[in-house]
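Work through the exercises below with the model open. Each task is followed by a solution in steps.

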Amino acid sequence: MPEWAPESWRSKPAVQQPAYASAADLATTAARLSSLPPLVTTWEIELLKTQLAEAARGERFLLQGGDCAEQFDECTADTITNKLKILLQMSLVLVQGCKKPVIRVGRFAGQYAKPRSEDFETRNGLTLPSYRGDIVNSPGFTQMEREPDPRLLLRAYERSALTLNFIRALVKGGFADLHHPEYWDLDFAQHSALAGEYHSMARSVVESMRFMENVAGVRAGEMGWVDFFTSHEALLLVYEEAQTRRVPRRDGWYNLAAHFPWLGMRTGDPNGAHVEYFRGIVNPIGVKLGPSMTVDTLACLLDMLHPHDEPGRLTLIHRFGREQIANCLPRLIDAVRASGKTVLWSCDPMHGNTRYTGDGTKTRHFDDILSELEQAFAIHRSCGSRLGGVHFELTGEDVTECLGGARNLSDADLKRAYRSEVDPRLNYEQSLEMAMLIARMMGQAG
Ligand code: PEP
Ligand code: CO
């Protein structure tokens, strides 16, 4: 392999990058960014890698979730708290179902860049650059809002720091203490049909923890106190490069903008700039696999991104859709087995199940998401493999973006509270219900 450097991706074709008007302004901003302190530390990154290695061995379960894209305007105390609350509630339910510690990874504190299928969008005869996430431009349809602006890189970095600062303070202050799941109750959720079942699960987790603590005579350590890790799609390579650093007394280059960057489906070309970037960083990484992934390409990615079979390094996140998973997944499981390498398998049941309603609203149906997950568990089991994680687009808010679920949301409901600028998210109730159903599936599997 040729030499790697944080900027070596620049010699490869880079898809999904915005066209900035001034290369000089972009370079100035990137230089400023690379002089700012990092968001995360190598200790945290290595801890996550160790935990992901345990998940790959079946000793933990990975829950990754959050918005499709964070928005600058939603960097508020309530939105962040609600996101933590739903992830905590889901993880508590999953702990109950799989009887293993759950690793919580948020799609937050940096999930600001979006891949788009078209570079331009035309409305009423006016053609403007596509919205690529708040780190690049703004969703409003005017020339000024859609012009990629390098200064937004700094705004995104600052918003990520604000988000993470608040999350760390909440966790340290005891918000995430498993002894007190009542802290995570969401005001509007009291009347949910699932509230009763959830509260009795929460009570039983607290009781078993107290029982164990009484027997052992100590307060649960790691089990009673939970961590959050951060993740985002490492799409905008100038941003990622600016955060790629060496630290004293450790080997290799770390991306210090997130614990767990992932490679999106549209940027997985082994000859492309994104794979070049990912091959050189030592973080644990995720790789999305869609229906177009071939056995040969996967073998090539395993060689390039996971050459030393380092435990915890690689998580494969498949997202085929309910219709295609049965066709696509088994041969990829075989390809990994043939490589002799260990990976953690996770399922993103969101991105292969997008559909449009009659009036063109982008949505997903709860039943399709559930069906893909059920199939994922079953296929891994029958291929002698193991599904060790799940990846959701969700929010702690009471939005109406996905159809179905306990309240059986219909096309008409989507008009009520559709807030995503990009993909539809499971709302609070749908997320909790999904966690309960997964817990049931895992409980049944033993
Ligand atoms: C995403 O996770 O928001 C996304 C764009 O996913 P994918 O790359 O799998 O399409
Ligand atoms: Co998405």
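**Exercise 1.** State how the donor residues of the cobalt ion (ligand 2) are spaced in sequence, and identify them.

Step 1. The spacing is C-x282-H-x41-E-x29-D; donors are N, O and S atoms within 2.8 Å of the metal (3.2 Å for Na, K and Ca), and water is not among the atoms, so sites may look incomplete.

Step 2. The protein donors are Cys68 (SG), His351 (NE2), Glu393 (OE) and Asp423 (OD), at 2.1 to 2.4 Å from the ion.

Step 3. His351 sits in the loop between strands S11 (344–347) and S12 (354–356), and Asp423 in the loop between strand S14 (387–393) and helix H12 (428–445), so the pair ties together parts 72 residues apart in sequence. Helices (H or I, at least four residues) and strands (E, at least two) are DSSP runs, numbered from the N terminus.

Step 4. Both His351 and Asp423 are buried (under 20% relative accessible area; exposed is over 50%, partly exposed in between; 1.4 Å probe, protein chains only).

The model is predicted: local features need pLDDT of at least 70, side-chain atom pairs count only at pLDDT 80 or more, and totals for chains, interfaces and linings use all residues. Residues are numbered from 1 along each chain as its sequence is written, chains are lettered from A and ligands numbered from 1 in the order in which they are written, and side-chain values use heavy atoms, leaving out hydrogens and water.

**Exercise 2.** Classify the ring pair Phe108 and Phe228 as stacked, tilted or edge-to-face.

Step 1. Rings of Phe, Tyr and Trp (its six-membered ring) pair if their centres lie within 6.5 Å; planes under 30 degrees apart are stacked, over 60 edge-to-face, the rest tilted. The count is six aromatic pairs.

Step 2. The centres of Phe108 and Phe228 are 6.2 Å apart with planes at 50°, so the pair is tilted.
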